[in-house]
Amino acid sequence: MNKIKILLVEDDIDWLQMISEFLNHEKDFQVTGKATSHYEALQLVTNTEFDIVLLDINLTKNQLDGIYTAVEISESNPDAKIIMLTSLNDEEIIKKAFTAGAINYVAKPDFEQLPHVIRFAFSHSHPMEVFKLEFHRLKREEQLQKLTPAEKEVFQHIEKGMTQTEIGKKLYKSESTLKNQVNKILKKLGVKSSKEAVKKVKRKGL
């Protein structure tokens with residue numbers, strides 16, 4: 001039997017061990033790795049085979065750093081299926097979790113639902129994935145709404161990794177015109193460099 005490979009990311013050692021034992025009791029599950037911090041989680045997803053990531057929203061007390069961990073996992077593994085674990089029920093926090101790339105979330109008191117949630121996420125294109133794609137599109141538009149059509153065109157080329165010289169040749173713009181447009185883009189996005197601009201839009205403002 002091919003087992004569903006699961007990574008657990010949780011800072012509470014006792015809870016981590018309990019959930020690991022609970023999931024490994026399921027015949028079709030295998031916990032292939034455990035991490036207790038943001039750094040360990042990123043190392044784990046790079047070096048360990050997995051199908052599902054169970055990720056706590058709070059890896060450091062009340063810091064919501066699990067959300068930013070989800071962002072980085074999604075950036076390096078766009079197809080990663082992330083299920084957030086939370087003891088919080090704040091609507092805004094849940095929205096941020098989905099913005100970060102999660103496809104579902106489970107409240108810790110409801111951990112007994114995990115086997116069903118994991119199997120469904122593994123076997124199906126989760127309905128939340130459709131929502132996530134649309135939500136990401138809207139968040140991107142929200143980030144870029146202050147830009148003019150010409151600035152958006154320039155930004156799209158910046159996203160592709162093109163230099164200002166390459167963009168100028170592509171769009172037939174003078175060096176001074178392009179420099180002025182890039183400076184306006186950076187100011188409107190509240191960043192200091194093109195690299196920061198791309199990163200901010202990619203992370204949907206998180």
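In what order do the five strands of the open sheet run? To answer this on screen, bear in mind that the model is predicted, and select the strands in turn: the order is β2-β1-β3-β4-β5, and the pairing is parallel. Strands β2 (29-35) and β5 (102-107) form the edges; each has a single partner strand, so one side of each lacks a neighbour in the sheet. From one strand to the next, the twist averages 25°.

**The whole chain**

The C-alpha trace spans about 65 × 35 × 30 Å along its principal axes. The domain assignment divides the chain into domain 1 (4-126) and domain 2 (146-205); colour these two ranges separately. Their C-alpha centres lie 35 Å apart.

Of the 206 residues, 45% count as buried. As for contacts between residues at least 6 apart in sequence, 62% of them join residues at least 24 apart.

**Strand β1 and its partners**

Return to the sheet and select β1, residues 4-9. This strand is mostly covered, with five of its six residues buried. On one pairing, β1 and β2 are joined in the parallel sense over six bridges; show isoleucine 6, which stands opposite valine 31 in β2. On another, β1 pairs with β3 (residues 52-56), also in the parallel sense, over four bridges. Here, leucine 8 stands opposite leucine 54 in β3.

**Helices on the sheet**

**Serine 20 in helix α1**

Select serine 20, which is found in helix α1 (residues 13-24). Is this serine buried or exposed? Its relative accessible area is 5%, so serine 20 counts as buried, the cut-off being under 20%. Beyond its neighbours within four places in sequence, serine 20 is in contact with Leu8, Val31 and Lys34.

**Helix α4 and the residue after it**

Move to helix α4 (residues 91-100) and show its side chains. The buried residues of this helix are Ile93, Ile94, Ala97, Phe98, Thr99 and Ala100. Glycine 101 follows α4, and its phi is positive, near 125°.

**Aspartate 56**

Finish at aspartate 56, in strand β3. For Asp56, UniProt lists the feature "modified residue: 4-aspartylphosphate", in an unreviewed entry. Which residues surround this position in contact, leaving aside neighbours within four places in sequence? Aspartate 56 is in contact with Val9, Glu10, Asp11, Gly66, Met84, Leu85, Thr86 and Lys108. The relative accessible area of aspartate 56 is 4%, so this residue is buried.

Conventions. Residues are numbered from 1 along each chain as its sequence is written. This is a predicted model: local features need pLDDT of at least 70, side-chain atom pairs count only at pLDDT 80 or more; totals for chains, interfaces and linings use all residues. Side-chain values use heavy atoms; hydrogens and water are left out. Two strands pair if DSSP finds at least two bridges between them. Helices (H or I, at least four residues) and strands (E, at least two) are DSSP runs, numbered from the N terminus. Axes are lines fitted to C-alpha atoms, for helices over the stretch in contact, and angles run from 0 to 180 degrees between N-to-C directions. Domain bounds come from an automatic or database domain assignment. UniProt positions are given in the numbering used here, feature names are shortened, and annotations may be inferred rather than shown by experiment. Buried means under 20% relative accessible area, exposed over 50%, partly exposed in between (1.4 Å probe, protein chains only). Contact means heavy atoms within 4.5 Å.
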